[in-house]
Amino acid sequence: MKDDTIITHSGRHPFENHGVVNPPVYHASTILFPTMDEYVNRGDTARIRYGRRGTPTTFALEDALTELEGGPAKGTAIVPSGLAAITMSLMAFVQTGDHILITDNTYGPTRSFSTGKLSQLGIEAEFYDPAIGAGIEKLIRPNTRLIWLESPGSQTFEMQDVRAIAEVAKSKSIVTMIDNTWSGGYYFKPLSHGIDISVQAGTKYIVAHSDVMLGSITCNEATFDQVYASAQSFGACSGPDDIYLALRGLRTMGVRMPRHHESGLKIARWLQERPEVIRVMHPGLPQDPSHELWKRDFTGASGLFGFVVESDNPLKAAAMMDGLKFFGMGSSWGGFESLLIPASPEKNRTATDWNPGGFTMRIHVGLEDADDLIADLDAGFERYNQAG
Ligand SMILES: *Cc1c(COP(=O)(O)O)cnc(C)c1O
């Protein structure tokens, strides 16, 4: 099955439910067993045995995302947010005394969790240059437990050589995990490139309507049982209505992502031509230093990227952003709407520098008409030029 068919059909079993197209929303804590014998003898092995362990609503999304992430995926754990997916994945493997490697352009809260909570537990997080590739081998110590990747990385969008890193890790029996939120699991299949665990903020392109927080952890055979048991032991479970909305969002991913891809690239090219813009960070652009890796591994681009305007005067940036008609200003992304926010990548780096000159912005290109968005940005640059 191709992705668009998986997205449409996976996790659905209409004839187990009166022919109803979508999985029912099971609200459940207690699950009853008819006899003591079944409670005692089947209670421990049944997939449905207690609300926290999931219901057919949960399993529908788990199964659909396992199929979408593809390759050698064994199963998926659904957790209440993208950040919970990140922390649950890390906590499944680390112990006091471990050393872990994290890409320097990772999502800010991934860094904070590692330098905060993990450090308190006696786990040392070392940040590495996202462009390190096979050079990661030099950073590996006898106690290195796992390698965390994110490609393209948050705010600055450098791609990683995922295969090279996965190969080194595999040769040393080190677990690899990637934040795959940017691709939605639609444009990149990390497990097929040798990664053990693919994490997504379902909040973004799976839910896609800016109304639910959710996370997913998709694992290969070697890691699934450990991750699932660990997430369960923390009590991580998600509400059935949120899961239902994620399933509903997922069904249209196959038409949404190509629109994000096309409009995103159109606007990235337009920004490249603007005299006010000194840099555009979008791996789908041939001029981008990450373009070759993106072309090798990805089948498309989502709608999130960055750019730098030449003036570092925040009043000019504010003049641009404050009057926009279609671009909202707020955290998160992956919804149908476009967003534009100021970014501060330099605050989230320790192993590499971010010094492009000027002022960095992060843009999410939504599903609006791309020419309307361009006109909105054009008027924004006019305000930018008149301000300051
Ligand atoms: C938003 C985001 C997350 C966290 O997801 P939440 O659902 O907001 O907790 C993780 N990784 C990346 C790259 C993100 O952009």
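Tutor: First a term: on a 1 Å grid over the protein atoms alone, a cavity is a set of points where a 1.4 Å probe fits but cannot get out. Keep in mind that this is a predicted model.

Student: OK. How many cavities of 30 Å³ or more does the structure hold?
Tutor: Two. The largest cavity has about 120 Å³ of space.

Student: Which residues lie nearest the centre of the largest cavity?
Tutor: Arg52, Glu62, Ile78, Gln232 and Ala236 do, out of 15 lining residues. Helix H3 (56-69), strand S1 (73-79) and helix H7 (224-233) are the elements that each give two or more residues to that lining.

Student: And what is the lining of the largest cavity like by class?
Tutor: Seven residues are nonpolar, five are polar and three are charged.

Student: What about the second largest cavity, how much space lies in it?
Tutor: About 30 Å³. Its lining consists of Leu61, Leu65, Gly202, Ile206, Val207, Leu214, Gly215, Ser216 and Ala246. H3 turns up here too, and together with strand S7 (215-220) it makes up the elements that give two or more residues to this lining.

Student: How does that lining divide by class?
Tutor: Into six nonpolar and three polar residues, with no charged ones.

Student: How does the pocket lining divide by class?
Tutor: There are 15 nonpolar, 15 polar and six charged residues in the lining of the largest pocket.

Student: Where do oxygen atoms of the ligand come 2.8 Å from a polar backbone atom?
Tutor: At Gly82, where a polar backbone atom is 2.8 Å from a ligand oxygen, and at Leu83, where a polar backbone atom is also 2.8 Å from a ligand oxygen.

Student: How much of the ligand's exposed area does the protein bury?
Tutor: The protein buries 91% of the 380 Å² that the ligand exposes when taken alone.

Student: New topic: the backbone. Which residues does a cis peptide bond join?
Tutor: Ser151 and Pro152, with omega at about -5°. Pro152 is in the loop between strand S4 (144-150) and helix H6 (162-171).

Student: What else is in the loop between S4 and H6?
Tutor: Gln155 has its place there. Its phi is near 70°, a positive value in a residue other than glycine.

Student: Where does Ala208 lie?
Tutor: In the loop between S6 and S7. Phi of Ala208 is near 65°, which is again positive in a residue other than glycine.

Note on methods
Residues are numbered from 1 along each chain as its sequence is written. This is a predicted model: local features need pLDDT of at least 70, side-chain atom pairs count only at pLDDT 80 or more; totals for chains, interfaces and linings use all residues. Side-chain values use heavy atoms; hydrogens and water are left out. A polar contact is a pair of N or O atoms within 3.5 Å; within protein, one must be able to donate a hydrogen and the other to accept it, and residues adjacent in sequence count only if both atoms are side-chain atoms. Accessible areas come from the Shrake-Rupley method with a 1.4 Å probe; for residues, only the protein chains shown count as cover. Ala, Val, Leu, Ile, Met, Phe, Trp, Tyr, Cys and Pro count as nonpolar, Asp, Glu, Lys and Arg as charged, and the others, Gly among them, as polar. On a 1 Å grid over the protein atoms alone, a cavity is a set of points where a 1.4 Å probe fits but cannot get out, and a pocket is an open set with protein on both sides within 12 Å along at least five of seven lines; lining residues have an atom within 4 Å of a point. Grid points are joined across faces, edges and corners, and a volume is the space filled by probe spheres set on the points. Helices (H or I, at least four residues) and strands (E, at least two) are DSSP runs, numbered from the N terminus.
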